[in-house]
Amino acid sequence: MIGKHYRTGLPIEVGIREGRITVVTELEMSPPVDCLPWLAPGLVDLQVNGGWGLDLNTAPLCPDTVLQLTRKLQSQGVTSYCPTLITNSSERMTEAASAIAKAVRLNRDAAEGIVGIHLEGPFISPEDGPRGAHPRQHIVLPDWEAFSRWQDAADGLIRIITLSPEWPGSASFIARCCESGILVSIGHTAATPEQIREAVSAGAVMSTHLGNGAHLMLPRHPNYLWEQLAADELYGCMIADGHHLPRSVLAVILRMKRNRAILVSDAVSLSGMPPGSYHLHIGGDVVLTTDGRLHLARQPDLLAGSAMMLPDQVGYLVEAGLSGLPDAWDCASVHPARLLGLEQAAGFEVGAPADIVSFNMDGGKLSVLQCWKNGRICPPS
């Protein structure tokens with residue numbers, strides 16, 4: 001395939017064999033390079049709740065829903081992702097984890113696209129603000145036996161867990177997760193700075209949608225946001241949709257976290273849907289605006305989730321002048337792949353998996369043209 005390298009802008013030809021990149025050659029071209037599409041590594045989304053009317057958190061979850069979502073994401077250049085299960089009853093979480101595991105067992109696309117389940121809750125803060133839209137009645141303190149049951153149901157697929165270290169015994173739970181190969185992310189938290197530092201010392205490696213899922217009012221300092229920004233050990237995830245975080249906050253996260261800054265969609269089922277009025281099982285009556293803002297129908301000031309996929313978030317960072325294309329793309333591909341220990345972190349190096357996206361850019365508008373997963377072209381959804 002031929003296109004422009006997303007980092008250099010130079011024309012390149014990428015050779016593929018048996019699902020791997022075999023050669024990346026710079027080309028001398030007489031036609032204008034502008035006529036070529038961009039080529040970049042596949043996107044990696046660590047937090048996907050749904051999209052295109054498909055919801056991972058509505059019971060009963062069917063394996064076919066997981067497969068449809070995987071293919072829809074591939075059509076948007078997301079070659080690897082973490083289906084995300086939010087706080088629910090223990091039984092519902094078991095059923096959903098089992099359905100995702102079944103999809104992976106039965107289908108090649110799901111097996112290749114899903115790189116682990118992200119469990120967002122139920123070990124989070126019960127306080128209003130940090131709790132977000134998570135149902136209070138199902139929030140509990142960290143429980144290794146409960147987690148083990150969900151992991152068994154998931155066939156060991158749970159890779160990330162978001163929790164709040166404000167609970168007694170959080171540090172020992174975090175350490176046990178680390179020993180078991182589970183990445184612990186701090187989120188939906190009302191923890192003290194001391195508890196944040198204790199969590200990092202115990203092995204926490206990430207902050208879930210940093211700056212969101214927080215109190216409306218905080219002490220100017222110290223507080224749990226400053227503490228996470230200052231922790232070099234923590235990757236910082238951010239939702240860059242123009243609604244969840246102001247540009248100034250995105251700029252701070254990018255500068256503080258650098259190669260540990262990660263874009264996540266945190267997409268809900270209405271992502272990819274036309275603007276209009278909808279009803280969600282969590283949030284009730286909501287409105288999706290033409291600029292991608294999803295808010296409560298009766299309280300327009302309150303967001304009801306994220307409705308912007310990763311390609312548009314990359315475009316937003318570029319259009320807002322917060323980042324150039326190379327670094328913005330890496331926040332949604334190389335950085336999360338590195339955190340998960342995926343081979344895709346190598347990007348366009350020879351021998352890396354041939355997870356590749358071709359796209360056009362028009363200002364801040366990014367249009368995915370084609371996507372390859374392990375060297376196989378993904379059909380349009």
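The model is predicted. Its largest pocket holds about 1,400 Å³ of space. The second largest pocket has a volume of about 300 Å³. Strand E11 pairs in parallel with E10 and with E12.

**Largest pocket**
- The lining counts 48 residues.
- Nearest the centre lie Gly-132, Asn-212, Gly-213, His-244 and Leu-303.
- Helix H7 (224-230) and helix H8 (247-257) are the elements that give two or more residues to this lining.
- By class, the lining has 22 nonpolar, 19 polar and 7 charged residues.

**Second largest pocket**
- Here 21 residues form the lining.
- Gly-272, Ala-307, Met-308, Met-309 and Asp-312 lie nearest the centre of this pocket.
- Helix H9 (310-319) and strand E19 (365-373) each supply at least two lining residues.
- E19 gives the most, with 4 residues.
- The lining divides into 11 nonpolar, 7 polar and 3 charged residues.

**Strand E11 and its neighbours**
- E11 spans residues 183-186, and both of its faces are covered.
- Leu-183 and Ser-185 are buried on one side, Val-184 and Ile-186 on the other.
- E10 (residues 158-163) pairs with E11 over 4 bridges.
- In this pairing, Ile-161 stands opposite Val-184.
- From E10 the chain passes through helix H5 (residues 170-179) to E11, in a right-handed β-α-β crossover.
- On E12 (residues 206-207), 2 bridges make the link to E11.

Terms used:
Residues numbered from 1 in each chain as written. Predicted model: local features only at pLDDT ≥ 70, side-chain atom pairs only at ≥ 80, totals over all residues. Heavy atoms only, no water. 1 Å grid on protein atoms, 1.4 Å probe; cavity = no way out; pocket = protein on both sides within 12 Å on 5 of 7 lines; lining within 4 Å. Points joined across faces, edges and corners; volume = space filled by probe spheres on them. Nonpolar A, V, L, I, M, F, W, Y, C, P; charged D, E, K, R; others polar. Buried < 20%, exposed > 50% of the residue type's maximum accessible area, 1.4 Å probe, protein only. Pairing = 2+ DSSP bridges. Right-handed = clockwise from strand over helix to strand, strands pointing away.
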